[in-house]
Amino acid sequence: MVEIPPGSGQFYETMPIWPWECWGPPLDGRRKVVNPWVYPGEEPSTWVLLPQPKDNTRQFYQTGFINSNTLAISGGDAKKSGRLSFGNVYQKGIIGDHKVTKYNLSLSGSSQVNKYIRFDSRFNYIRTDGSQRPDLGSYPANINFQLTSLGRYVPLDFLKEYYEKTGEAGRWPGVWENPYFILKEYKNNDYRDRMIGYASATVQITDWLSLLGRVGVDLYTEYHKTTRPVGSWYGTDSRGRILTDFLHYRDLNADLMLTANKQLSENFYGSLTMGASLLKQRRDTEHMDARNLKVPGVYSITNALEFYPETYLWEKEMQSVYFIGQLAYKNWLFLDVTGRNDWSSALGMNEYSYFYPSVGLSWVFSDALNITGNILSIGKARVSWAHVGNDSNPYLTKTGYTSYTTSFLGKGFASKSGTLPLYNLKNELTESWEVGGDLRFLQNRIGIDVTYYNGHTTNQILPITVSSTSGYNTVVIDAGKGSNKGIEAILNLTPLRFSNSFRWDIAFNYAKNQNMVDELAPGIEAYPLVDVADNPFIHPNSVYANPGEPYGNIVGYATKRSPDGRYIINSAGLYQREASESVLGNITPDWIGGLNNTFMFKGFSLNVLIDFIQGGDLTSTTYYWQMRSGTGEFTEVGRRPQDTDDEGNQLPYIGVLDGVVEIVDAEGNVTGYEENTQAVCGQFYWAARAWVKMGDWFVLDGSYINLREVMLSYRFQPSLLEKTPFYGITLSLVGRNLMYLENHLADYGVSPEAPPNTDGGAQGIESFSIPTTRTIGLNVKLTF
């Protein structure tokens with residue numbers, strides 16, 4: 001308590017600096033506290049507890065901007081052609097000073113030297129510069145992390161003013177880190193130089209035999225620099241930090257192919273390609289972590305007192321031979337056969353080589369049966385079977401040491417690799433088959449293409465966690481088995497089509513996939529794709545691959561229920577969690593699809609695209625944190641609008657959790673249940689579920705329907721351009737990500753498309769994601 005003003009006899013409580021909590025008395029203007037929003041040395045004053053404006057955090061987001069330009073010149077004749085293009089993209093993000101600039105120079109050409117020899121080549125140079133890219137994920141440098149945990153009473157205008165006047169972050173109730181301090185002092189920049197090129201020569205030996213030689217290279221150099229100022233909140237950043245990464249990637253491809261195409265007889269036509277290829281990959285990485293800056297604000301490696309450098313070299317080579325053949329009968333029956341053998345340096349001793357073939361048969365029965373008329377335009381059936389091989393990243397078959405810059409008595413330190421290698425590592429192998437058909441009716445106004453596929457993968461290469469007492473952290477296994485089956489369908493319709501006027505086309509695609517984990521190695525009951533143990537303070541649930549179950553199970557603790565499905569309340573009036581973890585959901589959608597409508601009338605066209613994701617769950621860290629800290633609007637339920645009456649008397653709690661209380665006999669046996677009537681405070685009503693990680697509350701339905709794109713275009717008729725220097729002009733107004741027609745996450749400020757990527761289990765975890773944006777743009781295409 002603080003007396004304000006001194007000697008007045010009026011004492012006021014101070015607000016504790018809990019950076020992640022927004023619990024306490026109602027923000028109704030009835031209570032005064034010691035004003036925490038003051039500058040050092042100011043006289044203490046009082047402050048009335050009131051909420052900030054509902055949309056106060058919107059000021060952190062600004063309207064983004066993208067400007068894209070492309071200029072292309074092409075020309076040629078019957079023997080040679082060339083094309084030169086230059087493009088640039090400038091993008092300004094929705095947070096702070098986020099900017100990305102990209103330049104693209106492309107040059108391609110071909111030359112028919114004579115009837116026997118042809119040369120083709122292409123070169124691309126791409127330069128990308130980025131600055132102040134927003135931090136993502138469960139990290140205090142993520143602005144969305146800060147805004148999610150920010151107390152509703154925090155005056156953002158003062159935080160901004162405080163930083164601008166002092167250059168410091170300050171420490172405030174309800175604030176992890178001053179977000180304006182993060183915007184201006186947490187800095188990053190990067191660049192990438194990328195060159196992609198290839199050259200090929202084709203020799204036409206005879207009219208049916210040709211030889212192609214080709215070489216291609218993909219080179220890029222990438223640099224990242226991230227700095228953290230002295231005074232940052234996060235532990236290892238607090239004394240200042242510099243992180244730099246320098247990467248150099250190189251991929252070299254070379255192949256030689258001999259191709260024969262020949263009419264073998266009146267009814268048979270055949271083609272055969274035989275080839276050999278070489279792939280060489282190299283990754284050089286240099287990383288520097290410099291900490292404890294001698295002089296604040298000077299972000300040079302030489303200004304640091306601690307250095308933690310790392311270097312990494314990654315090399316792999318693959319040699320291959322292959323063939324591709326087709327035999328056609330009367331142009332309505334086609335047999336396709338392929339075979340490939342790879343030798344990979346990443347595999348184990350005497351396991352470098354693996355072969356995988358395929359065979360496919362397709363039958364155009366509308367031609368074979370001579371079906372004519374306006375009903376069936378094309379009818380085609382197909383069936384195929386294939387093996388597909390896959391190797392691994394290098395260095396899983398050998399162990400090595402990591403050398404450190406630190407030393408003792410002149411002797412350098414080194415540590416053994418934490419991964420136990422698999423010396424006889426074999427390739428993964430997927431065996432699959434599919435059957436499908438393509439039907440078109442009424443002169444192609446109705447089209448249906450359906451495919452069913454079924455595949456099994458064996459020898460999956462997985463790193464499995466083992467006890468550290470073994471001297472290792474992980475062991476590589478070559479024993480996983482999985483299956484993948486599903487159906488894909490495309491429906492094309494042209495409901496209306498009039499000559500020289502109006503046309504309406506519809507395209508709908510549907511895909512349903514089931515990915516099962518058949519088995520892991522003996523003794524391995526589950527494989528973590530994303531493990532909550534890696535960050536137990538942040539994430540509520542893990543994502544696992546469990547044998548005998550679909551890929552991507554969300555695993556965590558469920559809330560305990562009675563036999564009839566009611567939540568069970570304990571003696572303190574709180575929910576209870578189950579004693580062990582269970583499957584709470586799955587990240588795989590039931591089905592995905594898209595619906596595209598195109599309307600054309602003379603020079604006008606209107607394109608409307610809708611995307612569907614139905615089924616599939618995600619586990620939301622944002623929702624978890626809103627519940628834990630009391631910042632979500634939904635946490636108003638269970639809190640009394642005022643905590644005292646007009647006379648200052650404490651009012652009782654009103655938050656009564658929906659559920660039942662166990663009736664227990666003298667021996668501790670549950671004999672029945674009765675309705676819960678015990679009220680608890682708002683913090684216990686909500687935050688207690690997060691404190692003990694009742695993960696089922698944070699598993700949300702990821703289904704959505706998105707109006708992905710609407711584009712209205714007009715192409716000027718040639719007659720209107722006769723007196724202009726233009727051959728063609730097309731104007732387009734484009735809107736993307738316009739609105740959700742279905743969204744189950746809007747109440748939590750989360751987008752169902754927020755999970756960071758589609759790689760592994762990460763597609764099922766949402767974590768303080770940046771708001772999704774809609775874009776409105778104007779495209780102008782000029783042809784000279």
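**Notes on helix 5 and the cysteines**

1. Helices here are DSSP runs of H or I, at least four residues, and strands are runs of E, at least two, both numbered from the N terminus.

2. Before going on: this is a predicted model, where local features need pLDDT of at least 70 and side-chain atom pairs count only at pLDDT 80 or more, while totals for chains, interfaces and linings use all residues. Residues are numbered from 1 along each chain as its sequence is written, and side-chain values use heavy atoms, with hydrogens and water left out.

3. At the other end, where helix 5 starts, a side-chain oxygen of Ser620 comes to within 3.5 Å of the backbone nitrogen of Thr622.

4. Helix 5 (residues 621-629) is largely enclosed by the rest of the structure, because nine of its nine residues are buried. Buried means under 20% relative accessible area (1.4 Å probe, protein chains only). Among these residues are Tyr623, Tyr624, Trp625 and Arg628.

5. What do the buried residues of helix 5 pack against? Their partners are helix 1 (143-149), helix 6 (682-691), strand 32 (617-620), strand 37 (699-701) and strand 40 (765-766).

6. On to the cysteines: there are zero disulfides, a disulfide being a pair of cysteine sulfur atoms within 2.5 Å. The sulfur of Cys22 has its closest cysteine sulfur in Cys681, 14 Å away, so the gap is too far for a bond. Cys681 is likewise in no disulfide.

7. Both cysteines are buried: Cys22 has a relative accessible area of 8%, and Cys681 has 17%.

Notes. Buried < 20%, exposed > 50% of the residue type's maximum accessible area, 1.4 Å probe, protein only. Contact = heavy atoms within 4.5 Å. Polar contact = N/O pair within 3.5 Å; in protein donor to acceptor, adjacent residues only side chain to side chain.
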